[in-house]
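Please look through the sequence and the model below. A short report on selected features follows the display.

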Amino acid sequence: QVQLVESGGGLVQAGASLRLSCAASGHTSTTNAISWFRQAPGKDREFVAAIHWSSGSTFYADFLKDRSTISTDNAKNTFYLQMNSLKSEDTAVYYCASGRYSIRLRDYEYWGQGTQVTVSS
């Protein structure tokens, strides 16, 4: 089992930065990555960024790749998503997920409860 707890969301103005955190506990042989997804009201959940636990490889969705960084603090078992130059269209609930290194929702077994990010224009 893997437990994930997100934090760091909030209400910010356009152009601001936020750092989301995902505290992870537990590990299984079927998970090798942590990813961030987001879901805006009325829209499907979509991939944002992924990091492979052991290799450190990362991958980003096009809409955020120049404005975000996914990282990990292995000593704290905590993963981060730094987002800069936020736009109103970044408003969504952001979820961290643990599973196989992939951009597909179905490859992720474990999910956090989500943290709301609201960007005002």
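The report covers the disulfide, strand pairing, salt bridges and surface of this predicted model.

## The disulfide

A search of the whole structure turns up one disulfide. Cys 22 and Cys 96 form this link, with their sulfur atoms 2.1 Å apart. The pair ties together distant parts of the chain, 74 residues apart. Cys 22 sits in strand 3 (residues 18–25). Cys 96 sits in strand 9 (residues 92–99). The link of Cys 22 and Cys 96 is right-handed, with 65° about the S-S bond.

Are the two cysteines buried or exposed? Cys 22 counts as buried because its relative accessibility is 0%, under the 20% cut-off. Cys 96 is buried as well, with a relative accessible area of 0%.

## Strand 3 and its partners

Strand 3 pairs with strand 1 (residues 3–7) in the antiparallel sense. Five bridges make up this pairing. Leu 4 has Ala 24 of strand 3 as its bridge partner.

Strand 3 also runs antiparallel to strand 8 (residues 78–83). Six bridges join strand 3 and strand 8. Here Ala 23 has Thr 78, in strand 8, as its bridge partner.

## Arg 38 and its contacts

Arg 38 belongs to strand 4 (residues 33–39). Which side chains does Arg 38 contact? A polar contact of 2.9 Å joins its side chain to the side chain of Asp 90. Another, of 3.0 Å, joins the Arg 38 side chain to that of Tyr 94. The side chains of Arg 38 and Glu 46 meet in a salt bridge, 2.8 Å from N to O.

Arg 38 counts as buried because its relative accessibility is 7%. Glu 46 is partly exposed, at a relative accessible area of 33%.

## Salt bridges of Asp 107

Six salt bridges are found in a search of the whole structure. Among them is the link between Asp 107 and Arg 100, whose closest N and O atoms are 2.8 Å apart. The side chain of Asp 107 also meets that of Arg 104 in a salt bridge, again 2.8 Å from N to O.

Asp 107 is buried, since its relative accessible area is 9%.

## Surface patch and loops

Which residues form a nonpolar patch on the surface? Phe 59, Tyr 101 and Ile 103 do, with about 290 Å² of accessible area together. Tyr 101 lies in the loop between strand 9 and strand 10 (108–111). Tyr 101 is partly exposed, with a relative accessible area of 32%.

Gln 113 is in another loop, between strand 10 and strand 11 (115–120). Gln 113 counts as partly exposed because its relative accessibility is 49%. The C-alpha atoms of Gln 113 and Tyr 95 are separated by 6.7 Å. Along the chain, Gln 113 and Tyr 95 are 18 residues apart.

Methods: Residues are numbered from 1 along each chain as its sequence is written. This is a predicted model: local features need pLDDT of at least 70, side-chain atom pairs count only at pLDDT 80 or more; totals for chains, interfaces and linings use all residues. Side-chain values use heavy atoms; hydrogens and water are left out. A disulfide is a pair of cysteine sulfur atoms within 2.5 Å. Helices (H or I, at least four residues) and strands (E, at least two) are DSSP runs, numbered from the N terminus. Buried means under 20% relative accessible area, exposed over 50%, partly exposed in between (1.4 Å probe, protein chains only). Patches are made of residues with over 30% relative accessible area and no salt bridge: like charges are joined within 9 Å, nonpolar side chains (Val, Leu, Ile, Met, Phe, Trp, Tyr) within 5 Å. Accessible areas come from the Shrake-Rupley method with a 1.4 Å probe; for residues, only the protein chains shown count as cover. A salt bridge is a side-chain nitrogen of Lys or Arg within 4 Å of a carboxyl oxygen of Asp or Glu. Two strands pair if DSSP finds at least two bridges between them. A polar contact is a pair of N or O atoms within 3.5 Å; within protein, one must be able to donate a hydrogen and the other to accept it, and residues adjacent in sequence count only if both atoms are side-chain atoms.
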